[in-house]
Amino acid sequence: MSAGRYDAIVVGGGHNGLVAAAYLARAGKRVIVFERRHVLGGAAVTEEIHPGFKYTVCSYVVSLLRPEIIRELELPRHGLEILPLESTFTPLPDDDYLVRWADHDQTRRELYRHSARDAEAYDEFGRLMYQLAVAVKPILAMIPPDPTSMSPKDLMGFLRLGKHFRGLGHEQFHALHKLMTMSSADYLDEWFETESLKATMSASGIIGTFLGPRSPGTAYVLLHHYMGEIDGAMRAWGFAKGGTGAVSESIASAAREHGAEIRTEAPVAQVVVKGGRAIGVALENGDEYEAPVVVSGLDPKLTFLKLVEERHLPSDLVRDIRRFRIRGSSGKVNLSLSELPDFTSLPGVGPLHQGAISVSPSFDYLERAYDEAKYGDFSSRPYMDCIIPSMIDPDMAPPGKHVMSIFVQYAPSDLEGGWDDRKREAFGDAVIDTLAEYAPNLPGAILHRQVLTPWDIERTMGLTGGNIFHGELSLQQLFCMRPAAGWADFTTPIRGYFQAGSGTHPGGGVTGASGRLAAMKILGGRL
Amino acid sequence: MSAHFDTIVIGGGHNGLVTAAYLAKGGQRVLVLEGRDVVGGAAATEEIFPGYRVDTGAHRIGGFSKRIVSDLGLAGRFELLPADPPTFAPVEEGPPLTLWADPVRTAEEIRTHSTADADAWPAFVKLVSDAAGFLESAWHATPPDITGTDVRDLWSSASLGHRLRRLGKRQMVEVMRILPMSMYELLEEWFESDVLRGTLAASAVQGLCQGPMGGGTVYLFLHHHVGAPSGVIRPTVRVRGGVGRLSEALATRCRELGAEVRTGAVVDRVVVEDGSARGVVLADGSEIRATRIASSLDPQTTLFGLLDPAYLDPAVARKVENIRYRGVTAKVHFALSGLPDFACRTGSGPHLEGAISIGPSLEYVERAYDAVKYGAVSAEPCLELSIPSLVDPDVAPEGRHLASVVMQYAPYALREGAWDEAARKALGDLVARTITRYAPNFESLIVDRMVLTPADLESRFGLTEGNVYHGEMTLDQLLFMRPIPGASRYRAPIEGLWLCGSGAHPGGGVTGVPGANAAREMLRGR
């Protein structure tokens, strides 16, 4: 008995699922979205865990959201407002500090304080990275061709790609090759000498990976994060007014306006497959909905191994998805504060509180944090990327009070002996103890603390292994290999069943790119 | 001023000699200048202990190209000794592991550790052999210029693509997929046995400043399997009488083909006139002219050590400066009064004939690497012992044995202290002590020993920072990126100067391929 019939059903109301739904609805399809939780957004949510204090529970900054999505879905009209993050402040153990400003010249001035050579190199580095980001950008917006196929369409895809790279010229091509294959530490060593600068820059290359800055493969993620652009201004990081949940809400609002239905607290049990075709979904409460198109915004493990039965899939693909690497490496701590952290290296309240605060004093520091995780422990002195949302958007906390969002790495999902309440608190303590070394007043200012381990992220958000990118961003899991060779074009072996989550190209971050490309594939190439 | 040559080859290492032989065969007047008193460079055999013939640098030559042997008529001039088993891995507890040349026998051996691993072994061996076969084609090709439009480049890229497709759809994707991976990721997919994972991982990081969890380490593992007989994992092939016999055979062949090979001739600098390399000046001040110069020394030694920096474009100089070397291996040679007796497999036997690899788990190897990140020597190092005297009695006096050990990780740049006599002694003691944990009689057998730290490898063999490959074998320093982007086709950034050593594609190991490829390009360039 069917509870409803639609043109398309989207499983998962994360930002990618919502983007796919919005585009499909905009093209005139009757669309319904089923979200397991009571709130939309998946890992891009804002929740009032502690009364009066709004936490950007998981994802906390916006930089990679594709500008064409903002434009095409008219997200500003639906409430999206991105507030700039002006700086990244790195406190140092010797009571010095380093600040990188959104303003290039201001950063240059600050760098002169540390190294004149680095200040000079920063210009050329910025120029090159900008050029490379421009060179890579079109690739993020294309459906990857299939390397196993000899079809004219796929061969043309590779030819076009080849032409694109050849058009870059020697210097950029070689620089891109280096970025794709080097460690962020080695890459940055070629440019700079200030340890804190290199470590802080490299940190963006390790976010969400299970690698240290000296591991090859991390330089690429450096570029991934450089690609952030807001209204065309590359490299600018931002905070969505109302928290990251507001991004999801604005997309949902656009989808609704185009006629999409969105149901929360409606967990999907499985995709119904008949004769090799997806014909709808069955909810956990037993209701069945029919549609010729079913789109999964979940990660590849859930999309292929949980929502559908293995017998519908070729064994090669099952094997590929089983070995798809999706180890979580990070945790999150959210705090309600009675006062702002006061940093000994730069006392008082200042503009630094409106930017990011990065605990990444040196490569050695980051590597030691990684070493502990390699052997199954969480970092006792972790890398942290913090922001204080209430300093950017006062509505996030009651007057005079603050919220602080702390991204923490490394916290391995395969912790020796597994995570439990005691270890969660020990992990939270390690985070606070480390921050207290730089801002001694912090422990006394905490009104409430939320600690999320990779297991909590998996349990709450449904991210397998707590991996925030739906799968590690390693070279062998990118582009036409994401999530598996032959199935990187958003389709699946089950006709009518599509993938739209971050586990597909281009992967990771609140980009919406996967959802948009999936919709494009479903609609036959046109949005 | 003396006689004029078509080509002067700087460095009589195996690659320099291969280049010289090909050029002489191609009709050129060739002069090889070797600074040491023996030819071979790091592939030399020396009597460092009385009555012993010791391969002081390289001792395994699995990848020496058969094509070169046949092109240069070297067959029968040296004898290869492939070990079977190629690798034995002792452990402190539980059964050890032996990798045999026969994969079926190896699989049975692995079964004592894990049934699943034994079942997976044949498919793993096939994958390694397919991937290595593909790499072999790439080895012999001059790296294509991706951004260029030369027909030759397009053809060479296309034929490599075709070679890859011949593996079949599934295996093609698989080979491409594993190339950038870390050994840890690969082994997680295949095996569960600690000692098997450790032993394979140890081979993937040899000479590399990375642990098996570092991306790109699968590549180096495959590199070591190019040219190996199908089915053999971790091949161990020696030369009877020492690896120096190979170098001597090459030098002899050069002379027969009309080339002149001089030892004890240290090149001080390359003479550049009107932007072109025109000759060399020796340490004794004499100058020798030639139409072109080929250097088999590593790229930094060649371009910074032998050239006036004023001749290099600053942008090019920066690329050369950025070549990563970071040697992490030390070599320790022991003269022994008898054979080591391993606790996990007592007595003598074939298990001592190949490489004896101490790296009992992947985590052990990774932990050994951790130290070097902070500029320290591994407290529990990875070791690879070779006892050539067991299969080749000529290399040690009657009743005595020779054990050569590759030790990893020892950083070239120590953060605390320097590579002085005390540090060298501590390193030798550490190696002896570590082996003794597995073979309790080892320390009591030592008659003499020689420790070569990364700093010693640099001063003795001219290997910059002690890197045995003339530059790290990482994905960003391979193919068209080796030795530096824009100069990957054996032409140095100075007209008339060529690079023919391991710093050029396809890189390190006693393969002869960089030397052969360089000669081909030089003969074509005329």
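Helix 15 of chain A covers residues 421-438, and its 18 residues reach 27 Å from the first C-alpha to the last. That is close to the 26 Å expected at 1.5 Å a residue, the expected span being 1.5 Å times one less than the number of residues. Helices (H or I, at least four residues) and strands (E, at least two) are DSSP runs, numbered from the N terminus. This is a predicted model, in which local features need pLDDT of at least 70 and side-chain atom pairs count only at pLDDT 80 or more, while totals for chains, interfaces and linings use all residues. Residues are numbered from 1 along each chain as its sequence is written, and chains are lettered from A and ligands numbered from 1 in the order in which they are written.

**Helix 15 of chain A**

- The buried residues of this helix are A:Phe427, A:Gly428, A:Val431, A:Thr434, A:Leu435 and A:Tyr438. A residue is buried if 20 or more other C-beta atoms lie within 10 Å of its own, exposed if 12 or fewer, and partly exposed in between, with C-beta atoms placed from the backbone.
- Seen down the axis of helix 15, the buried residues fall within an arc of 125°, so they line one face of the helix. The arc is that of the directions from the helix axis to the C-beta atoms.
- On the other side of helix 15, A:Asp421, A:Arg422 and A:Glu425 are exposed.

**Chain A overall**

- Chain A has 18 helices and 22 strands, and buried residues make up 56% of its 527 residues.
- The C-alpha trace of chain A spans about 65 × 55 × 50 Å along its principal axes.

**Core and a buried loop residue**

- The largest nonpolar core has 322 residues, of which A:Ile9, A:Ala21 and A:Ala22 touch the most other members. Such a core is a set of buried Ala, Val, Leu, Ile, Met, Phe, Trp, Tyr and Cys residues joined through C-beta atoms within 7 Å.
- A:Ala266 is found in the loop between strand 12 (261-263) and strand 13 (268-274) of chain A, and is buried, with 20 other C-beta atoms within 10 Å.
- Not counting residues up to four places away in sequence, A:Ala266 touches A:Phe34, A:Glu35 and A:Leu283. Two residues are in contact if their C-beta atoms, placed from the backbone, lie within 7 Å.

**Interface**

- In chain B, 27 residues are in contact with 32 residues of chain A.
- On the chain B side, helix 6, helix 7 (183-190) and helix 13 (362-373) are the elements that give two or more residues.
- The residues of that side divide into nine nonpolar, seven polar and eleven charged. Ala, Val, Leu, Ile, Met, Phe, Trp, Tyr, Cys and Pro count as nonpolar, Asp, Glu, Lys and Arg as charged, and the others, Gly among them, as polar.

**Backbone exceptions**

- Most residues other than glycine have a negative phi, and most peptide bonds are trans.
- The peptide bond from A:Gln409 to A:Tyr410 is cis, with omega near 15°; A:Tyr410 is in the loop between strand 20 (402-409) and helix 15 of chain A.
- A:Glu74 has a positive phi of about 50° although it is not a glycine, and is partly exposed, with 14 other C-beta atoms within 10 Å.
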